[in-house]
Structures are given as structure tokens and as C-alpha cells.
Amino acid sequence: MRRVRLWGLLWGLFISELQAAAESDEVKFILTEGQTLNVNCPFTIWKYTNSRKAWQRVTDGGEPLTLALIERASGKPSQIQVGRYFLEEFPNDGILHVRMTNLQVEDSGLYQCVIYQPPKDPFILSSPVRLVVTKDPSSIPASDKNPIQNLAQISTVPSITKTWRKLHTSPRTVTQLPPMTTASLSSPGLGVNPTHGTDVIGISQISIVILVVCGILSKSLVFTGLLVVTQRSFGP
């Protein structure tokens, strides 16, 4: 049992080392949207000059997906185009040039140049290509770059605009005191508490008449008193 466990452990380490080696052999390209990928895949001239060559993408399940294929290899320079994929073969130099235009984020993944020989498995010509496509910074809206700053601008700009409008468009407000009427006058010391202007005029006229009458009566009383005194003085 110990030997079986030991062999299992060694086998697991061997597989992990193989995977690490395969990943280290990858050539990584980091590009932005809209750019073009250019890859040169060398091959052995005497062995693969007349072989069909293809550009494939390795799916998540590990299955290769053929994107472009040179069907007939004549031993002369040739090129094909399939959508955004271009293949150009230079047999004398032993080079297969691959070009992918107008890259998109969805193009990120693992690719490979191969000798296409179904039903056999494809033969990989060079190190697999790990493509990473990122967003173009110039195409990202400003609201997505700094949402906190934009939120502050949204919250402060309207208030500043409203304040500016109030300063320049709002009419000047002048607070006026209500007109003083005689109804609000009060003279506690004089015992006068009029409620209307006409009442004040009426009361003042009556006071004058009373004063005149009182003056006349007082003079009459004084005159009558003097007359009585005079008659008594000169009487028999």
C-alpha cells in the first residue's frame, strides 16, 4: 500500500511538472482592442514544405478549433484570408506568418500554429500563443474611470448652478413693515386707546366742546357770585 501511494504521489508530481513546463513554453501577447497580432511560426523546410498548415484556437475543453487553413501547399509562397485571420507561408524561409486584425476582448485565449494532418492529431509547429486582449482606455467612458469623482461632481455642480441662478435671476426682496394705522396707537398715560382715526377726531372735538362749556359755566358762576356780593354790599 505504501508503494502504491508513493507511485501515485510521484505520478502526480510528474503530471504537474509537465503542465508547468507546457505553460512556461507559452508565448504571451498582451494587446488592446483594435490592435493586430502578428506571429511567426517556424517549420522544418525539408519535412513540412508540402504539408497543410493551420492556425487554431484551443478551447477550454482542450479541443483545437481551426480558424484558417492553407489547403494546398505548393512549395511556393502563398497566402489566404478567412475573415480577420491571415496566413502567409514562406517555404524557402520555413516561416508561417499569422496575422489577426481588429482584436477584441473575446479573442483572449490560447492559439497554436500546426501541421494539419487529419485524422491524426495536429503537429504543433512552435510554442503556443497566449493572447490577452484588454479594453482600449480611450473607449472607456469617464463615468467608469472614476465613479467617486463623478458622483461628487454630480452632487455639487447642480447646487452651484442653482446658487448662481439665484444670485443673478432672483429679484431683490425688500421686507416692508405694515403701514402704521391709528388703530395701532396707544397712549396709556393719557387714557386714550383709539381704535380708528375717525374715533380720535370725534373724541378730540367733544373734548373741546366740553372744555368750552365748562369755561362758560365757570365764568357765569364767577359773575353771578360777584353780582350777589355787590348787591349785599350796597343794599339797605
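Helices here are DSSP runs of H or I with at least four residues, and strands are runs of E with at least two. The model is predicted.

Q: How many helices and strands does the secondary structure of the protein come to?
A: The elements are numbered from the N terminus. In this predicted model, the secondary structure consists of five helices and 10 strands.

Q: How many residues apart are Cys41 and Cys113?
A: Cys41 lies in strand S2 (residues 37–42), while Cys113 lies in strand S8 (residues 109–115). The pair thus links distant parts of the chain, 72 residues apart.

Q: Is Cys113 buried or exposed?
A: A residue is buried under 20% relative accessible area and exposed over 50%. Cys113 has 1% relative accessibility, so Cys113 counts as buried.

Q: Which residues is Cys113 in contact with, leaving aside its neighbours within four places in sequence?
A: Contact here means heavy atoms within 4.5 Å. Ala54 is 59 residues from Cys113 in sequence, with 5.9 Å between their C-alpha atoms. The contacts of Cys113 are Cys41, Ala54, Trp55, Leu96, Val98, Phe123, Ile124, Leu125 and Ser126.

Q: What percentage of the 236 residues in the protein is buried?
A: Both Cys41 and Cys113 are buried. For the protein, the accessible surface comes to about 18100 Å², and carbon and sulfur atoms hold 62% of that surface. Among the 236 residues, the buried share is 20%.

Methods
Residues numbered from 1 in each chain as written. Predicted model: local features only at pLDDT ≥ 70, side-chain atom pairs only at ≥ 80, totals over all residues. Heavy atoms only, no water. Buried < 20%, exposed > 50% of the residue type's maximum accessible area, 1.4 Å probe, protein only. Areas by Shrake-Rupley, 256 points an atom, 1.4 Å probe, with all protein chains shown as cover.
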